[in-house]
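Here is a short tour of a few helices and charged pairs. Have the viewer open as you read, and take the stops in order.

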Amino acid sequence: MSPAPEPRPPSGPPAADEAGRRALARSPAQAFRHGIVQSLPFLVVIVPFALLFGLVATEAGLDLAQVMGFSVLVLAGASQFTAVQLLSDNAPAIIVILSGLAVNLRMAMYSASLMPWLRGASGRQKAWVAYALIDQSYALSIQHYERHPRLALSQRLAYFAGTAVVLCLPWMAATWAGATVGQAIPDGIALDFAMPITFLAMIAPMLRTAAHLAACFVAILGALLLAGLPSGLGLLIAAPVGMATGALVEAWTERRGMRDAGV
Amino acid sequence: MQASDGQIWAIILVLGVGTYLIRWSFLGVLGDRDLPGWVMRMLRYTPVAVLPALVAPLVVWPAATGGAADPPRMAAAAATVAVGVLTRNVMLAILAGGITLAGLLYLG
């Protein structure tokens, strides 16, 4: 197996600083509250995005129960928007489902990278973590775990639960608000483009390496070239090709780096 | 939209269960085993491949203009990406894109 950059707990040295000692000293209830506090800034992104989903889905013709069905049962913004977009385009149901799932495939990566940190959790605990595993809860938790590798399992789970409460419940509440009072948002402010802007804003900071750029570029090129295919099908081809490109460039960069280092 | 209520509920349920299984996959099934390196490699590029491929056609041929290329929307997308790459700040990137789009649409 090639060297994986993901650290394996508890490989890192204990955080010897004050923040590290505080993190280790927290009771699960305090870790839970810490997760809540650190998640609060993300509400600035979550709430408007959820309001918009409620509004867009309602305008596409979904009733309130269906809109809430999406936000409670699927609980994944990008795929919710994708599904509603494709439904408006009258795409076949199978394409709506496959595209929505394709958008959420990234969560398999989240699941995989949390796995080493949550070893020993009960089946029920893992089931709840899986339900609340969204981009932001993942990003916050993995950062916290990697910074404080000596945390106990109970502290890790409690922190995750704190992020989940702050991120998932407001997602549902704001979806409901968008679907019921969203009509008050005036027309003509180009809300159609809020979703592209939000996704681009989430992706741009992730373009850290040549491999990320290559994956992104190839995926975009593929999506544009395949735009003539039935709705959603181009994405299902373009995205894996982009992912493979990223993996190849990463492997190539690694080999070259080792050669340059004389290994 | 042509889908019936039943079809929409079916889509919601399948998408919900499928998404849950994706999230649960490694945590729940694999337990303590490690993944092959090439799988981790490809999974790392999922977000930066899927989301841009999803958005690119919407940027180049927006539905709001009936599919005609629209300079304000392209400029807004470019501003979002530029600010996002430079500042690594999601909120600033959204603001830059939103202000660019609103400004250019207002001027146009």
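In which helix is the place of A:H212? This is a predicted model, and in it A:H212 sits in helix α12 of chain A, which spans residues 210-225. The residue counts as buried because its relative accessibility is 7%, under the 20% cut-off for that class. Leaving aside residues up to four places away in sequence, A:H212 touches A:M206 and A:L207 in its own chain, and B:R44, B:Y45 and B:V48 in chain B.

**A helix with a buried side**

Next, turn to helix α8 of chain A, residues 123-131, where A:K126, A:V129 and A:A130 are buried. These three lie on the same side of α8(A) because they cover an arc of only 100 degrees around the axis. The face turned away from that buried side carries A:R124 and A:W128, both exposed. What lies over the buried residues of α8(A)? The cover includes α7 (106-114) and α10 (153-181) of chain A, together with α1 (5-30) of chain B.

**Salt bridges**

How many salt bridges does a search of the whole structure find? Over all chains, there are four.

| Pair | Distance (N to O) |
|---|---|
| A:R21 and A:E18 | 3.2 Å |
| A:E250 and B:R41 | 2.5 Å |
| B:R73 and B:D70 | 2.6 Å |

In general, an α-helix has 3.6 residues a turn, so residues three or four places apart point the same way. A:R21 is partly exposed at 48% relative accessible area, and A:E18 is also partly exposed, at 44%.

A:E250 forms its salt bridge with B:R41. This pair joins two chains, because A:E250 lies in helix α13 (residues 233-260) of chain A and B:R41 in helix α2 (residues 37-44) of chain B. A:E250 is buried, with a relative accessible area of 11%, and B:R41 is buried with a value of 11%.

Finally, the salt bridge between B:R73 and B:D70 has buried residues at both ends: B:R73 has a relative accessibility of 6%, and B:D70 a relative accessible area of 11%.

Note on methods:
Residues are numbered from 1 along each chain as its sequence is written. Chains are lettered from A and ligands numbered from 1 in the order in which they are written. This is a predicted model: local features need pLDDT of at least 70, side-chain atom pairs count only at pLDDT 80 or more; totals for chains, interfaces and linings use all residues. Side-chain values use heavy atoms; hydrogens and water are left out. Buried means under 20% relative accessible area, exposed over 50%, partly exposed in between (1.4 Å probe, protein chains only). Helices (H or I, at least four residues) and strands (E, at least two) are DSSP runs, numbered from the N terminus. The arc is that of the directions from the helix axis to the C-beta atoms. Contact means heavy atoms within 4.5 Å. A salt bridge is a side-chain nitrogen of Lys or Arg within 4 Å of a carboxyl oxygen of Asp or Glu.
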